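This report goes through the sheet, the helices that cover it, and a few side chains. The structure comes first, and the description follows.

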Amino acid sequence: MSNIINYGILGAGHLGNYHAQQIQNISGVNLLGVFDVVPKNALQLSKNYNIKMFSSAKELVAACDAVSITTPASNHCSSASLALKNNCNLFIEKPFTKNIKEAKKIIAL
């Protein structure tokens with residue numbers, strides 16, 4: 001069993017870049033890759049940090065032990081659900097979700 005955590009970033013905007021930058025400072029964490037619905041954003045982040053650009057969120061979470069969800073809040077529930085259903089731990093930027101119903105769904109998963 002490896003002690004290295006393979007980590008991904010879902011969302012390659014300003015916050016995604018910040019998370020990628022900070023992950024580089026944590027020993028035992030391997031920043032594996034990034035996905036964004038805007039391919040040029042993901043490409044730029046992948047070049048900046050020499051990481052893989054994934055073609056789908058599903059591919060990214062399947063390859064990672066944990067991800068940062070730095071997408072707009074309107075996508076937090078679907079992104080978190082995808083990660084959790086793929087046994088992937090997560091860190092969600094605030095706001096957690098856009099409403100209580102979505103928050104309860106994530107907590108239930």
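## Sheet and helices

Strands E1 and E4 run parallel and are joined by 4 bridges. The model described here is predicted.

Strand E4 is covered on both faces. Ala-66 and Ser-68 are buried on one side, and Val-67 and Ile-69 are buried on the other.

Helix H4 (residues 76–85) also has buried positions, namely His-76, Cys-77, Ser-79, Ala-80, Ser-81 and Ala-83. The elements that cover these buried residues of H4 include E1, helix H3 (57–63), E4, E5 and helix H5 (100–108). Just after H4, Asn-87 has a positive phi of about 55°.

His-19 is a residue of helix H1. Its relative accessible area is 9%, so His-19 is classed as buried. Apart from residues up to four places away in sequence, His-19 touches Ile-9, Ser-68, Thr-70, Phe-91 and Glu-93.

Gln-24 belongs to the loop between H1 and E2. With 45% relative accessibility, Gln-24 counts as partly exposed. Beyond its neighbours within four places in sequence, Gln-24 is in contact with Leu-31 and Tyr-49. Gln-24 and Tyr-49 are 25 residues apart along the chain, and their C-alpha atoms are separated by 8.8 Å.

## Cysteines

How many disulfides does the model contain? The count is 0. The cut-off for a disulfide is a sulfur pair within 2.5 Å. The sulfur of Cys-77 has its closest cysteine sulfur in Cys-88, at 16 Å, and is therefore too far away for a bond. For Cys-88, the closest cysteine sulfur is that of Cys-64, at 5.7 Å, which is also too far for a bond. The relative accessibility of Cys-77 is 7%, so this residue counts as buried. Cys-88, at 2% relative accessibility, is buried as well.

| Residue | Relative accessibility | Class |
|---|---|---|
| His-19 | 9% | buried |
| Gln-24 | 45% | partly exposed |
| Cys-77 | 7% | buried |
| Cys-88 | 2% | buried |

## Aromatic rings

A search of the whole structure for aromatic pairs gives 0. A contact between a charge and a ring is present, however: the charged end of Lys-52 sits over the ring of Phe-54, at 4.6 Å from the ring centre.

Definitions and conventions. Residues are numbered from 1 along each chain as its sequence is written. This is a predicted model: local features need pLDDT of at least 70, side-chain atom pairs count only at pLDDT 80 or more; totals for chains, interfaces and linings use all residues. Side-chain values use heavy atoms; hydrogens and water are left out. Rings of Phe, Tyr and Trp (its six-membered ring) pair if their centres lie within 6.5 Å; planes under 30 degrees apart count as stacked, over 60 as edge-to-face and the rest as tilted. A charge sits over a ring if NZ of Lys or CZ of Arg is within 6 Å of the ring centre and within 35 degrees of the ring normal. Buried means under 20% relative accessible area, exposed over 50%, partly exposed in between (1.4 Å probe, protein chains only). Helices (H or I, at least four residues) and strands (E, at least two) are DSSP runs, numbered from the N terminus. Contact means heavy atoms within 4.5 Å. Two strands pair if DSSP finds at least two bridges between them.
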